[in-house]
Amino acid sequence: MSGNGLISSVWRRSPAEQLSTRVPSPFEHLRQQMNDILGDGGILKEVVQPGEGSPVPKDASVILHYSGFLEYSDQPFETTTHFKYPPMMKIGRDLTLAGLELGLMTMKRGEFSRFLFQPKYAYGDLGCPPFIPSAAVVLFEVHILDYLDSKQVDDFITMSSDGQNTSPLSTLFEVVSTLRSFGNRCFRRCRYYHAKDHYKQAMQLLGSRDTQGDSETERIKTALLPLYLNLSLTELRLDSPRKALKYANKALEIDSDNTKALFRCGQAYMELHEYESAQGCLLSAQARKPFDSDINNLLRRVTICYKDSLDKEKDLYSKMF
């Protein structure tokens, strides 16, 4: 994001100066290099950095940064660039500007573009006092980082249980994959409760499927495994080690040699001060990955804590007798 709109690239002059010298205003200057995406002049677009792939679909959830500017102002009246994590906004629900919503659906993943919105596609004739004057044309700079097509998820969840069961298994897996992607993004942004909700929703969809034969059952289990691991780690972040242990054990029921599941059990037992059980899980994990630094570091911590615990126990018994 440029952070200063168009002011850095054209002369910054007052309206009086513009009239006296007949020099185009910043927005007039910008219009000369923009495309009319609707044909009515209401939304003009300039692609600064092209994206790749398909345009953003309707009903997608978009991860983006944006800044809005008034003419003759190099400071945005609204921006997300200072956020630690870029917002995720669902088209058709989270966006209040019609122009921004329509503009997003012309963009591709990774694209950075500028838009000029006429009032009817922005804040209307009334504006939005005190920041947006009446009948204001506004400039928006938009950078799409990524998007997830959530329409399929929305449609699937609104189906009856019979409709979900008769849908192709591939459709269910695509929905689960999207929900897990949502969960992963929430987790990376430290929104652990939201991540948990997405993971559990995916888990419940898989669990409610009426499987047809052993092959389908195994495929469901394979899809459940990473969700159990994700939920176990999320519960650890939420300081719920017993729930974390529950999901890690569910993962081990599917794959008894899974190193991540054994490590999660070790972490959970460590938080519960059950050091002997933690040590057992971590030794099993170490046997499968002897050079994993995370496993070895936690095992050293557990060993020290276990020894301290035994020493305190011995000291307590000696005082008792």
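Predicted model: local features only at pLDDT ≥ 70, side-chain atom pairs only at ≥ 80, totals over all residues.
In soluble globular proteins, nonpolar side chains tend to be buried together. In this model the largest nonpolar core has 51 residues, and those with the most contacts inside it are Leu-172, Met-203, Leu-206, Ile-220, Leu-227, Cys-265 and Val-302. Two or more residues of this core are given by each of helix 4 (151-157), helix 6, helix 7, helix 8, helix 9, helix 10 (259-271), helix 11 (275-288) and helix 12 (293-320), and the largest share, 10 residues, comes from helix 8. When neighbours within four places in sequence are left aside, Ile-220 is in contact with Leu-169, Leu-172, Phe-173, Leu-206, Arg-209 and Thr-211. A second, separate core has 26 residues, among them Val-56, Ala-122, Val-138 and Tyr-147.

The structure also holds 14 salt bridges. One of them joins the side chains of Arg-109 and Asp-146, with a distance of 2.4 Å from N to O; because Arg-109 lies in strand 7 (residues 108-109) and Asp-146 in strand 9, this pair ties together parts that are 37 residues apart in sequence. Arg-109 counts as partly exposed, at 32% relative accessibility, whereas Asp-146 counts as buried, at 15%.

A salt bridge between the side chains of Lys-196 and Glu-235 (3.1 Å, N to O) links two helices, since Lys-196 lies in helix 7 and Glu-235 in helix 8, and so ties together parts that are 39 residues apart in sequence. Lys-196 is buried, with a relative accessible area of 13%, and Glu-235 is likewise buried, with a value of 1%. The side chains of Lys-151 and Asp-155, by contrast, meet in a salt bridge of 2.8 Å, N to O, within helix 4, where the two residues are 4 residues apart, or about one turn of the helix.

Most residues other than glycine have a negative phi, and most peptide bonds are trans. Cys-190, although not a glycine, has a positive phi of about 65°, and this residue lies in the loop between helix 6 (169-188) and helix 7 (192-207). Asp-239, also not a glycine, has a positive phi of about 60° and is found in the loop between helix 8 (214-237) and helix 9 (241-254). With a relative accessible area of 66%, Asp-239 is exposed, while Cys-190 counts as partly exposed at 41%. Finally, a cis peptide bond, with omega about 0°, joins Pro-129 and Pro-130, and Pro-130 lies in the loop between strand 8 (112-117) and strand 9 (138-148).

How values were computed
Residues numbered from 1 in each chain as written. Heavy atoms only, no water. Buried < 20%, exposed > 50% of the residue type's maximum accessible area, 1.4 Å probe, protein only. Core = buried A, V, L, I, M, F, W, Y, C linked by side-chain atoms within 4.5 Å. Contact = heavy atoms within 4.5 Å. Salt bridge = Lys/Arg side-chain N within 4 Å of Asp/Glu carboxyl O.
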